[in-house]
Amino acid sequence: MSSSSIATPGAETSPDAGGAFSFRVSEDPIDVPAEQATLGDPGAGGYVAFEGWVRETNEGRRVVRLAYEAYPMLANREGRRIIEEARQRFGLKSASCIHRTGLLEIGGLAVWVGVSAAHRGEAFAACRYIIDEVKHRVPVWKQEFYEDGDSGWVNCERCAAAAGPSHGNATSTAANASHGHTHAHSHGHAHDHAHDHDHDHGHGHGHAQPAAVTDAPVPSRLPDYARQMALPEVGAAGQAKLGAAKVLVIGCGGLGVPVATYLAGAGIGSLTLVDPDVLEATNLHRQIAYAAADCGQAKVLLLAARLRALNPSIGLHTHAEAADAALLDALVPRHDVVVDCTDRLSVKFAVNDAAVRHGIPAVLASVHQYEGQVQVVRPGGSCLRCVWPQAPRDGVVGNCAEAGVLGPVPGLVGTWQAFEVLRLLLGLEAPREGVLTVDLLAGQTRFLRAPRAADCPEHALKHSVAPGAPLELPSLAEGLARGLCVVDVRDATEAAANPLPVAHHHLPMATLLKDLKQLPATENGWLFVCVRGIRSRSVAEACREAGHAAAYSLSGGAPH
Amino acid sequence: MSQTYTLQYFAVLREQARCREEQVTTTATTPDELYAEVRARHGFTLEANFLRVAVNDEFADWNVPLRDGDHIVFIPPVAGG
């Protein structure tokens with residue numbers, strides 16, 4: 001949160017406050033009696049506590065469990081501010097709040113607030129104040145796992161207030177009015193929602209402007225899309241398409257920042273951000289949505305906060321993890337477009353493969369020093385592997401860290417990607433099939449046409465393979481039943497000593513791994529066989545890494 | 001018989017060639033032969049199988065016959081972001 005560096009006067013817990021005043025997020029279960037014991041104070045005439053429990057439904061969907069994820073440093077800082085505000089406002093003897101992180105089952109204790117005060121009135125009011133503000137302002141993300149196997153990230157509540165009455169439900173309560181801004185969610189339970197995860201109205205004001213302290217009304221302004229709707233190709237119908245769209249952005253760096261920022265501004269209904277990295281000082285020259293003070297924090301959370309501030313009306317989901325095939329298989333089918341903004345070729349190929357596999361368009365781009373390449377992959381059209389049948393290993397062609405880059409280069413190329421996403425969603429003039437090259441030093445663009453390759457391994461195989469298919473098969477018979485092409489990867493002597501009893505090709509592992517193009521043509525994939533199942537497993541793994549999903553290894557090696 | 005081509009280099013090839021474009025008059029008649037020739041001259045580290053070639057702005061096979069005056073792009077994939 002770029003705004004988190006702005007200090008709130010008097011927000012730190014004072015050492016002379018008397019009893020205990022604390023806030024923390026905790027991976028461990030909350031020990032209520034122990035916590036309650038810390039609140040004792042000779043001057044206290046009463047104690048009030050609130051427990052928030054995991055509820056089994058949200059917006060009509062059955063939730064089977066929840067996982068909370070917090071950025072502890074930010075969460076604890078904001079939580080302590082709230083406790084301090086409550087201390088000052090209500091003259092408490094003590095106040096404590098603990099918010100769980102990690103996996104919780106239905107009925108689990110998710111958040112606990114305890115306060116003690118001289119009189120019950122202040123205790124009740126302060127407890128209410130703390131839970132409301134914690135839900136509203138503390139950056140805790142919640143992943144709901146639904147009964148249907150689906151899941152979604154929900155920003156814990158500090159969201160709806162900004163959108164105000166036009167977005168929330170009608171359950172504003174007296175407590176809201178008492179501190180001058182409108183909470184658009186109900187407060188009776190820690191897991192009430194004013195919206196489901198796909199309409200998660202975010203807002204980034206919480207840290208910079210604790211509205212409850214200033215008693216200033218929270219502005220409820222939202223972007224006005226009039227300037228883009230004025231385009232005849234957009235209009236209200238186009239804007240509605242954007243508002244209904246879900247876009248997956250892989251990578252929140254030099255490319256991802258302009259991509260996500262322009263898409264948020266354009267009013268894309270829901271953006272999902274994936275990036276495992278924390279912000280580093282070396283990022284800032286080209287990743288200009290971030291703030292120097294936020295180095296060390298997770299990029300997905302920082303960028304989500306920035307986008308919420310830009311456009312509180314869009315849904316935002318974050319995954320602070322690397323995009324591997326499993327995550328992509330889970331996310332890609334739930335989006336309308338996937339945008340690759342990473343700096344790793346292996347991830348670009350994985351994104352391409354998932355997009356082809358699930359029939360979702362992808363906008364891929366990379367930069368190198370003063371140049372960029374952009375490729376739009378549409379279902380049925382040419383893909384990254386049509387252009388690059390043999391994926392070079394990571395490190396062969398350099399990245400920003402190794403080769404150097406000027407900030408505007410990814411800025412421009414990422415902006416181009418954002419445009420291509422809007423083009424796809426709005427159905428503007430179709431992009432050509434191929435690779436756009438941009439050379440800023442020369443001031444040139446060049447479009448290289450790339451028709452779909454007839455022998456593209458991606459198109460040939462991916463559609464027939466279930467995501468995450470097991471690598472090993474128990475028997476040759478199983479492989480034959482699947483129509484796999486059997487490939488013996490033993491050396492000639494080994495193969496001669498114990499020949500396979502079925503029709504097969506012979507390609508020793510060392511030979512094959514030099515160039516996977518030697519793989520025999522097949523409709524359904526390959527079953528690799530060696531002496532004990534170790535080499536064949538390596539070959540199958542190498543094939544899968546190269547994008548050949550239908551590569552299997554015979555467990556235990558050739559039958560004797 | 002020699003033919004003259006306009007060559008354009010991208011990314012690491014541009015770095016290693018120290019130019020983005022050059023005219024080459026040569027007896028090479030396929031992209032494969034042409035790349036071998038300029039690779040030797042410029043010391044390109046990338047093997048042809050990591051590159052693509054585009055002839056007159058369309059990706060092409062390494063063994064298509066080249067014609068005098070063709071515009072030829074040698075391009076590696078790039079990874080930065």
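Modeller: A residue is buried if 20 or more other C-beta atoms lie within 10 Å of its own. Keep that in mind as we go. The model here is predicted.

Biologist: What percentage of the residues of chain B count as buried?

Modeller: In chain B, 41% of the 81 residues count as buried. For chain A, the figure is 48% of 560 residues.

Biologist: Which elements make up chain B, and in what order?

Modeller: Start at the N terminus and read along. The order is β-α-β-α-β-β-β. That gives two helices and five strands in chain B. Chain A has 20 helices and 22 strands.

Biologist: How do I read contacts along the sequence?

Modeller: Look at how far apart the partners sit in sequence. Take contacts in chain A between residues at least 6 apart. Of these, 72% join residues at least 24 apart. In chain B, contacts with a separation of 6 or more are counted likewise, and 56% of them come from residues 24 or more positions apart.

Biologist: How do I describe two packed helices?

Modeller: Two values do it: the angle between the axes and the distance between the axes. Take helix H9 (residues 256-266) and helix H15 (residues 408-426), both of chain A. They pack at an angle of about 40°, and their axes are 7 Å apart.

Biologist: Why is H9(A) called oblique to H15(A)?

Modeller: Angles under 35 degrees count as roughly parallel, and 65 to 115 as roughly perpendicular. The angle here is about 40°, so H9(A) is oblique to H15(A).

Biologist: Is the crossing of H9(A) and H15(A) left-handed or right-handed?

Modeller: The crossing of these two helices is right-handed.

Biologist: Which residues meet there?

Modeller: H9(A) brings residues including A:Val257, A:Tyr262 and A:Leu263. Among those in H15(A) are A:Gly414, A:Ala418 and A:Leu422. By class, the contact of H9(A) with H15(A) has nine nonpolar and five polar residues, and no charged ones.

Conventions: Residues are numbered from 1 along each chain as its sequence is written. Chains are lettered from A and ligands numbered from 1 in the order in which they are written. This is a predicted model: local features need pLDDT of at least 70, side-chain atom pairs count only at pLDDT 80 or more; totals for chains, interfaces and linings use all residues. Axes are lines fitted to C-alpha atoms, for helices over the stretch in contact, and angles run from 0 to 180 degrees between N-to-C directions. Helices (H or I, at least four residues) and strands (E, at least two) are DSSP runs, numbered from the N terminus. Angles under 35 degrees count as roughly parallel, over 145 as roughly antiparallel, 65 to 115 as roughly perpendicular and the rest as oblique. A crossing is left-handed if the near helix is turned anticlockwise from the far one by less than a right angle, and right-handed if clockwise. Two residues are in contact if their C-beta atoms, placed from the backbone, lie within 7 Å. Ala, Val, Leu, Ile, Met, Phe, Trp, Tyr, Cys and Pro count as nonpolar, Asp, Glu, Lys and Arg as charged, and the others, Gly among them, as polar. A residue is buried if 20 or more other C-beta atoms lie within 10 Å of its own, exposed if 12 or fewer, and partly exposed in between; C-beta atoms are placed from the backbone.
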